[in-house]
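Try each task before you read its solution.

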Amino acid sequence: MTEAPRSRRRYRRRKKRSRAAGLLSVVLLLILLIAGAGAYRTFGPETETIPLEELYGVSGEDAAVLYQYQLQSAEGRVRDGEYYLPADWVQAILNQRFYWDEEENILVYALPEEVLTFDGSSAGTKGQKLLFTEGERAFLSSELILRYTDVRIEGFTGGGTSRIFVEETPESDQVALSKNKGALRASPGLRGRVVRKLEKGETLRLIPNRWNLDPGENWTRVMTEDGLTAYVHNWHLKDREERPVENRFSPVVYSHLRQEEPVVLGWHQVTVRAANGNLDGLIAEAEGLNVISPTWFSLRGNEGEFEDFSSADYVSKAHGKGLQVWALLDNLDESVTLGEVLKRTSVRRALAENLVGAVKACGADGINVDFELLRKDAARQYLQFIRELSVSCRNSGLVLSVDVPNPAAYNLHYDRRELGEVCDYVVNMGYDEHTSGDDPGSTASIGFFRRGLTETLEEIPPEALIGGVPFYTRVWTVSGGEVQSRALTMEGAQNWVEEHNAGLNWDEECGQYYAEKESSGGTVSMLWMEDARSLELKFAALKTSRAAGAACWRLGTETPDVWKVLVSSFLK
């Protein structure tokens with residue numbers, strides 16, 4: 001075989017190398033294209049569309065609920081073109097005055113002068129159900145909610161989901177137009193999944209930044225006219241403007257029976273009918289007293305029954321001495337479970353009717369409700385009873401006052417703000433700072449008393465506030481690590497000091513005299529005394545706070561000099 005020339009061999013090698021280089025270039029180009037595509041998928045704008053069922057978490061007749069544009073865990077319903085919200089969510093978030101009685105399947109709403117009830121047969125203006133039930137849960141129509149609640153409710157269907165938007169009625173909406181096509185995204189940024197395409201010229205409502213969901217300076221959260229929430233880049237927006245929102249809602253207004261002069265109330269403890277005969281002796285030196293509250297009514301059991309010691313003769317005698325009578329109702333009997341007795345509408349109605357009937361029959365002027373140790377799980381029932389009772393009292397011309405403990409983190413469920421709205425007076429019991437079962441301490445130091453007034457006035461106006469003051473104290477004994485106490489009248493405390501030859505020292509911080517005595521056996525007795533000097537500070541605090549009155553627990557346990565101090569430091 002003849003050997004090929006060297007030039008031809010070089011040419012063939014160059015050709016092979018060229019082909020290899022070309023192939024390598026193609027491979028590298030493919031790699032770059034694949035890498036670029038991957039990088040684009042990773043870092044470029046997201047093109048995948050998010051299903052609305054995933055975005056809002058509902059499908060079928062269920063409806064997503066967005067409050068202030070924030071998705072809620074509660075779900076609404078769509079029935080025959082009407083949008084419904086769960087009653088428990090409405091009561092907790094929108095309007096606590098809706099009360100759903102799951103035992104009697106009745107919805108109750110108390111207006112100032114009327115108690116309304118609704119059930120499954122109640123129809124709206126278009127013939128639709130105002131409510132329906134699923135098991136023990138009730139769902140309220142948007143029409144019913146809007147009658148009594150200052151909110152805006154908007155319902156939408158489409159795309160396989162239904163949405164109900166609820167918000168406190170704004171004064172205006174900020175809107176803008178989309179200036180070009182683009183994408184509505186589920187989260188701010190180009191990597192946010194697409195909700196749907198954005199068309200040029202769409203009107204978009206700009207959602208205020210709430211719930212720490214600020215999208216940043218380049219993106220805005222919007223709501224579309226077809227009821228979708230999404231994010232758009234700001235360069236898509238133009239022609240921003242404010243559009244006023246029409247609001248035809250008229251809030252209810254409560255009228256009140258309140259005295260022009262300060263209230264000076266004294267509680268008269270009546271545990272047997274014969275105690276009604278003690279009226280003359282109790283008020284003989286009570287200068288300035290203008291209201292007496294006998295403890296005549298006491299709940300018994302859980303069917304709305306109560307013990308009744310009322311007396312028309314007592315009322316007639318009190319009126320003759322210039323006193324109003326506000327009969328007291330308490331829950332102190334061990335047979336009573338407050339949440340149980342007040343949860344049923346029929347029982348609350350009967351209790352209110354029978355109580356008001358008994359008060360009117362004896363000629364009394366008002367009712368004082370003293371429900372103590374209210375559990376948080378009974379607060380909803382308690383507040384509903386007070387609302388309904390206030391309607392009966394208002395329509396009967398009776399003053400309604402309620403007693404509440406000094407404000408603390410564990411008793412805020414009394415809801416003083418609501419009580420101050422529906423009742424004539426709220427009586428803040430500024431005592432029991434330390435009581436039976438506690439460590440030794442003052443029954444009502446001046447700091448405790450003043451804080452109670454200040455915090456209560458953050459929730460109710462001064463013309464609704466009556467400050468409760470104690471006419472008693474406690475003597476404490478500590479022996480072998482065991483703490484005991486017993487209540488003493490003001491005279492009893494003075495007698496204890498004299499009998500034990502205990503020195504009194506003024507405690508500036510507590511605003512009371514303090515006495516301490518140690519026995520030879522090591523038992524230590526302590527007393528923070530309530531007397532005319534300590535009460536003068538409390539009456540002066542009431543004056544400074546512009547409170548509507550003072551309430552004294554209880555008549556017959558004070559010393560006579562207290563009344564002169566009350567007149568000089570509070571009434572003048």
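The model is predicted. In total, 32 salt bridges are present.

**Exercise 1.** Find the distance between Arg77 and Asp62, and say which strands the salt bridge ties together.

Solution. 
- Step 1: The closest N and O atoms of Arg77 and Asp62 are 3.4 Å apart. The cut-off is 4 Å, so the pair counts as a salt bridge.
- Step 2: Arg77 sits in strand S2 (residues 70-79), and Asp62 in strand S1 (residues 62-67), so the bridge ties together parts 15 residues apart in sequence.

**Exercise 2.** Classify Arg77 and Asp62: buried or partly exposed?

Solution. 
- Step 1: Buried means under 20% relative accessible area. Arg77 has 12% relative accessibility, so Arg77 is buried.
- Step 2: The relative accessible area of Asp62 is 26%, so Asp62 is partly exposed.

**Exercise 3.** Locate the two partners of the Glu103 and Lys343 salt bridge in the chain.

Solution. 
- Step 1: The closest N and O atoms of this pair are 2.7 Å apart.
- Step 2: Glu103 lies in the loop between strand S4 (98-101) and strand S5 (106-111). Lys343 lies in the loop between helix H7 (338-342) and helix H8 (345-362).
- Step 3: The partners are 240 residues apart, so the bridge links distant parts of the chain.
- Step 4: Glu103 is partly exposed, at 46% relative accessibility.

**Exercise 4.** Describe the Glu202 and Arg196 pair, then name the residues of the network joined by shared partners.

Solution. 
- Step 1: The side chains of Glu202 and Arg196 form a salt bridge at 2.8 Å, N to O.
- Step 2: Glu202 is buried, with 14% relative accessible area.
- Step 3: Salt bridges with shared partners connect Glu61, Asp62, Arg77, Arg79 and Glu134 in one network.

How values were computed. Residues numbered from 1 in each chain as written. Predicted model: local features only at pLDDT ≥ 70, side-chain atom pairs only at ≥ 80, totals over all residues. Heavy atoms only, no water. Helix = DSSP H or I, 4+ residues; strand = E, 2+ residues; numbered from the N terminus. Buried < 20%, exposed > 50% of the residue type's maximum accessible area, 1.4 Å probe, protein only.
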